[in-house]
Amino acid sequence: MKIITADPTGLCFGVKRAITTLENELKKTHQVYALGSPIHNPQETERLEKLGLIVVDSPEEVPEGAVSFVRAHGVTPEVFELLRERSAKMVDGTCPFVKTAQERAKTLSQDGYIVIILGDASHPEVKGIMGYVSGEVHVLASAEAIPYELYGKRCGILSQTTQRVENFSALVSGFVSVSPEIKVYNTICRATLARQQSVCRLAEEADGMIVLGGRNSANTRKLAEIGSCSGVPTLWIEHAGELERGWLENKDIIGIAAGGSTPDWLIKELIQKLKMM
Ligand code: F3S
């Protein structure tokens with residue numbers, strides 16, 4: 001059996017930067033409050049909790065005078081301010097690419113466009129971006145979802161950073177036929193794009209593809225979708241322990257891809273298990 005790892009794969013620049021900053025802070029203060037899991041990966045979150053991380057669901061749960069942490073997904077300006085007011089120190093791990101998307105949304109809104117975000121309305125990154133819009137905003141899951149009320153309106157379009165390029169192109173094309181004026185910012189991040197392309201390439205030579213990453217990770221989900229859509233049997237697992245020998249039967253070349261929130265140690269564990277099998 002031959003094992004090929006997608007290139008690039010695993011932790012993206014933004015998550016790596018955020019987690020390194022968080023870990024350095026934990027080493028100094030031994031207690032940091034994060035609003036939501038700092039990374040969409042339960043195994044890595046558990047490791048950080050052992051170092052003193054405390055995950056809370058709302059800014060009000062951060063005790064006055066504590067050290068707080070904003071994850072790579074970012075937050076709304078209101079939440080950002082609230083955390084800053086309550087905390088003795090606030091560590092901002094917002095990914096610079098997410099910050100760009102937030103700024104673009106703000107500018108489009110200020111320029112009078114109805115803001116359209118391609119993405120998942122329940123995702124924290126999208127909620128954060130929406131917070132920067134002062135006027136009308138719509139989150140659409142696909143090109144098919146353009147509501148009739150937007151026909152004939154000036155629309156400013158951007159994307160959740162982890163969306164598939166094909167979906168964004170389809171949405172923009174959809175607006176070309178219904179809107180007299182559109183302004184488009186491509187806010188899909190390069191790390192996402194590179195990981196998606198690496199899965200496409202790998203799917204051409206692999207007999208089976210293992211996608212490694214948290215079930216709550218949007219970008220891992222996209223990689224698993226690409227693997228499945230390309231016709232290669234694709235298995236999405238969170239950790240090596242979920243891999244069963246039976247799945248490997250009749251597969252000579254196994255491709256491994258990992259989401260942008262999957263730490264290297266989980267990838268190494270999986271490769272080790274595959275070699276043992
Ligand atoms: Fe940032 Fe892109 Fe990662 S937006 S958090 S580098 S997937």
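**Notes on the sheet, its helices and the ligand site**

1. Helices (H or I, at least four residues) and strands (E, at least two) are DSSP runs, numbered from the N terminus. Angles, from 0 to 180 degrees, are taken between N-to-C directions of lines fitted to C-alpha atoms, for helices over the stretch in contact.

2. Before going on: this is a predicted model, with local features needing pLDDT of at least 70 and side-chain atom pairs pLDDT 80 or more, while totals for chains, interfaces and linings use all residues. Residues are numbered from 1 along each chain as its sequence is written, and side-chain values use heavy atoms, leaving out hydrogens and water.

3. The open sheet has four strands in the order S7-S6-S8-S9, with parallel pairing (at least two DSSP bridges between two strands). Strand S7 (137-140) and strand S9 (181-184) each have a single partner strand, so one side of each lacks a neighbour in the sheet. From one strand to the next, the twist averages 25°.

4. Four bridges join S6 (residues 114-118) to S7 in the parallel sense. Leu118 has Leu140 of S7 as its bridge partner. Helix H4 (residues 96-110) also packs on the sheet, touching S6, strand S8 (154-159) and S9 (contact means heavy atoms within 4.5 Å).

5. Which residues are around the ligand? They are Cys12, Gly14, Val15, Cys95, Phe97, Thr161, Cys189 and Thr192 (a heavy atom within 4 Å). This shell divides into five nonpolar, three polar and no charged residues, with Cys counted as nonpolar and Gly as polar.
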